[in-house]
Amino acid sequence: MSAIFTMAIECVGGRYLNEPYQCVIQAPVGLRLGELASHILGIVDFDGDDHLHEFYLANGTGGRKTWLTPDGEWSDDDTAVMHTPLSDIFPLPKNKKLYYLYDFGASWCFQITKRGKETKAEPNIDYPCIMSETGVKPKEYGDDDDEGD
C-alpha cells in the first residue's frame, strides 16, 4: 500500500440526527466501497450491515441521484459497486459529491469528500485510520426520548 486519500465523512441526514458530526480519515486508494461502508458504520458505532445501503453521486443531498451502477440506476445487486476501489471513484465528475446511504427507512446519509491529492502512506500506520472527529456521533436508533418519533 503506497498511496492514501484523506477524506472528510460528514453525517448529513438521518432519522435521529440531532447535531452535526464529521470525521476525517485516511484510507488506501485501493480501499473498496464495501470496506469503506463497514468502516463508516464502525466509526459511528452503528450495528452494521443489517440494512439496505448504497453509494451514489449527486450535486447535493436533495439532488438527483446517480447510482454507481453501469446504467446509473439503483439496483438491489450492489456486488460490483461494493467491490469498486476508491481510485475508480475519485476524482469525481464536476459538481458531484459522493454519498453513502444506509438504512433506507432511517435515511442515514454520509457525504464523503476527498481532501487534497493522494499522498504516500506512512509506515507503521494501519489504514484506514481516523485523523480527527468533530461534533456528536449520531445514534442509530436515537435516544430513549426519541421513541415516539
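Author: The model is predicted. A search of the whole structure gives 9 aromatic pairs. In one of them, the ring centres of Phe-5 and Phe-90 are 5.6 Å apart and the planes stand at 75°, so this pair counts as edge-to-face, the term for planes over 60 degrees apart. Phe-5 belongs to strand 1 (residues 3-13), while Phe-90 sits in the loop between helix 3 (86-89) and strand 5 (97-102), so the pair ties together parts 85 residues apart in sequence. Phe-5 is buried, at 5% relative accessible area, and Phe-90 is buried too, at 7%.

Elsewhere, ring pairs join Phe-46, Phe-55, Tyr-100, Tyr-102, Trp-108 and Phe-110 into a cluster. Tyr-56 has Lys-65 over its face, 5.1 Å from the ring centre.

Nonpolar side chains tend to be buried together in soluble globular proteins. The largest nonpolar core here has 35 residues, and Leu-36, Phe-55 and Ile-112 have the most contacts inside it. Among the elements that each supply at least two residues of this core are strand 1, strand 2 (21-28), strand 3 (53-58) and strand 6 (108-120). Helix 1 gives the largest share, 6 residues. Leaving aside residues up to four places away in sequence, Leu-36 touches Met-7, Ile-9, Ile-25, Leu-31, Phe-55, Leu-86 and Ile-112. A second core of 6 residues is separate and includes Ala-58, Trp-67, Leu-101 and Cys-109.

Terms used
Residues are numbered from 1 along each chain as its sequence is written. This is a predicted model: local features need pLDDT of at least 70, side-chain atom pairs count only at pLDDT 80 or more; totals for chains, interfaces and linings use all residues. Side-chain values use heavy atoms; hydrogens and water are left out. Rings of Phe, Tyr and Trp (its six-membered ring) pair if their centres lie within 6.5 Å; planes under 30 degrees apart count as stacked, over 60 as edge-to-face and the rest as tilted. Helices (H or I, at least four residues) and strands (E, at least two) are DSSP runs, numbered from the N terminus. Buried means under 20% relative accessible area, exposed over 50%, partly exposed in between (1.4 Å probe, protein chains only). A charge sits over a ring if NZ of Lys or CZ of Arg is within 6 Å of the ring centre and within 35 degrees of the ring normal. A nonpolar core is a set of buried Ala, Val, Leu, Ile, Met, Phe, Trp, Tyr and Cys residues joined through side-chain atoms within 4.5 Å. Contact means heavy atoms within 4.5 Å.
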